[in-house]
Amino acid sequence: MQDDLSRARAVGAEQGEDFAAINGERDAAYGLVSGGSRVPAMQAVDDDGATPLLLSGVGRVGRDRCHGRGPLLAGRRAARRRRVLQMGQHSPQFGSVADVAQRLAAAGYLADAAIATTVFLADRLAKPLLVEGPAGVGKTELAKALATATDAELIRLQCYEGLDEARALYEWNYKKQLLRIQVSTGSATGESWDEVHDDIFTEEFLLARPLLAAIRRTGPTVLLIDETDKADVEVEGLLLEVLSDFQVTVPELGTIVASRRPIVVLTSNATRELSEALKRRCLYLALDYPSAEREREIVQAKVPDLAPKLAEQLVGTVRALRALELKKSPSIAETLDWAHTLLALGLTTLDEAAVKSTLGVVLKHASDQERAATELRLN
Ligand SMILES: Nc1ncnc2c1ncn2[C@@H]1O[C@H](COP(=O)(O)OP(=O)(O)OP(=O)(O)O)[C@@H](O)[C@H]1O
Ligand SMILES: [Mg+2]
């Protein structure tokens, strides 16, 4: 063990990195590793050498292994290749606000000045972006367009009631761990429990869920945490470490720090107030229904076969519906559905008869339909 520790220290020194700060910060993680020994943080590289990880305070180093080869070995290989990583390295993707608007438009998303500016700042300041607004105004689409615009992979965490750490962050591959234990008890190698224990709590047995997967990626990544307000309040606690430090702590392994910061977009329909702690870590963008002109542009961009005159009529009618007191106002998504409907039916004008026969595309409550029919005098 002493040897292992000296070697680990040597690797840390060889890499010329001072990770004392994060070791200090993450002391809590050690407490969960019974009998664990502290070693300097070290860098490990996946077997394919392509996924560098920064492991801070690797718990037990009873055996010299990680990914089947051992963190010490992997650390030395990494040092040899001079693949020294900056913690949470961040390279801005956009040159200016205009660049954001232009590249989002090329990805099919029409952003107004407020959207483009907030996205630019989120990228420049490496801050997560919280997008809040009613259903169907383009929150999720913004994250998708951002991924396209930056040539990044989109990793999505869909939030729902009951979402937990095992689905959001990581979980241990119990079946594989069990197999490993069975193999060790069945073989004549005489492995001690300590050795087996050290082995089954290594990277090889870890199943990365979206948050960890996004942190570990070395390529450009957009992490979409969709419908955050649908998750239980406790999930916000899980998110805090990821959102502020771009890192994930696995007690048995240590702290895994993003080698390249993902662009993070959180969306919320504001069905409940998100915690101040979460909001404090994000830039905030309130999305609402767009102006008539912008909505017309969106319709024309997404449904180019629709005649401009009809698009104008359509947007005008949708706006008239939004002005009514409805249970659920039609969103941009529904405007687009309506445009496709008119095309499919071969309608050339949106007269009262056309509105009446297709109202179900935009209004999904009987009471809303009745109100609209009365107010717009369709009966
Ligand atoms: N600015 C925009 N430019 C282009 N398309 C847009 C824009 N805003 C919204 N849309 C379109 O509106 C549709 C709905 O958007 P999206 O699914 O992102 O809504 P949302 O806000 O995430 O809704 P929900 O809260 O229900 O998930 C998408 O198909 C998208 O193409
Ligand atoms: Mg959405």
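## A partly exposed glutamate

Glu 297 is partly exposed, because 16 other C-beta atoms lie within 10 Å. The cut-offs are these: a residue is buried with 20 or more other C-beta atoms within 10 Å of its own, exposed with 12 or fewer, and partly exposed in between, with C-beta atoms placed from the backbone. Glu 297 sits in helix 14 (residues 292-302). Ala 311 is 14 residues away from Glu 297 in sequence and 9.0 Å away in space, C-alpha to C-alpha.

## Model and overall make-up

This is a predicted model, in which local features need pLDDT of at least 70 and side-chain atom pairs count only at pLDDT 80 or more, while totals for chains, interfaces and linings use all residues. Residues are numbered from 1 along each chain as its sequence is written, and chains are lettered from A and ligands numbered from 1 in the order in which they are written.

The protein chain has 18 helices and 11 strands. Both are DSSP runs numbered from the N terminus: helices are H or I with at least four residues, strands are E with at least two. Of the chain's 379 residues, 38% count as buried. Take contacts between residues at least 6 apart in sequence: 76% of them join residues at least 24 apart. A contact here requires C-beta atoms, placed from the backbone, within 7 Å.

## The largest nonpolar core

The largest nonpolar core has 77 residues. Such a core is a set of buried Ala, Val, Leu, Ile, Met, Phe, Trp, Tyr and Cys residues joined through C-beta atoms within 7 Å. Val 119, Leu 129, Leu 146, Leu 211, Ile 215, Val 265 and Leu 314 touch the most other members. Helix 7 (residues 139-149) gives the largest share, six residues. The core lies between domain 2 (97-167 + 209-246 + 258-286) and domain 3 (292-375), because both give residues to it.

Beyond its neighbours within four places in sequence, Val 119 contacts Val 100, Ala 111, Leu 129 and Leu 146.

## Around ligand 1

Ligand 1 has 17 residues around it; Ala 135, Gly 138, Lys 139, Thr 140 and Glu 141 come nearest. Helix 7, helix 14 and helix 16 (332-345) each give two or more residues to this shell. Domain 2 and domain 3 each supply at least three.

## A hairpin

Strand 8 (residues 247-250) and strand 9 (residues 254-257) run antiparallel, joined by four bridges. Pairing requires at least two DSSP bridges. A hairpin of three residues links strand 8 to strand 9. Val 250 stands opposite Gly 254 in strand 9.

Note on methods:
Domains from an automatic or database assignment. Contact = placed C-beta atoms within 7 Å. Near = placed C-beta within 6 Å.
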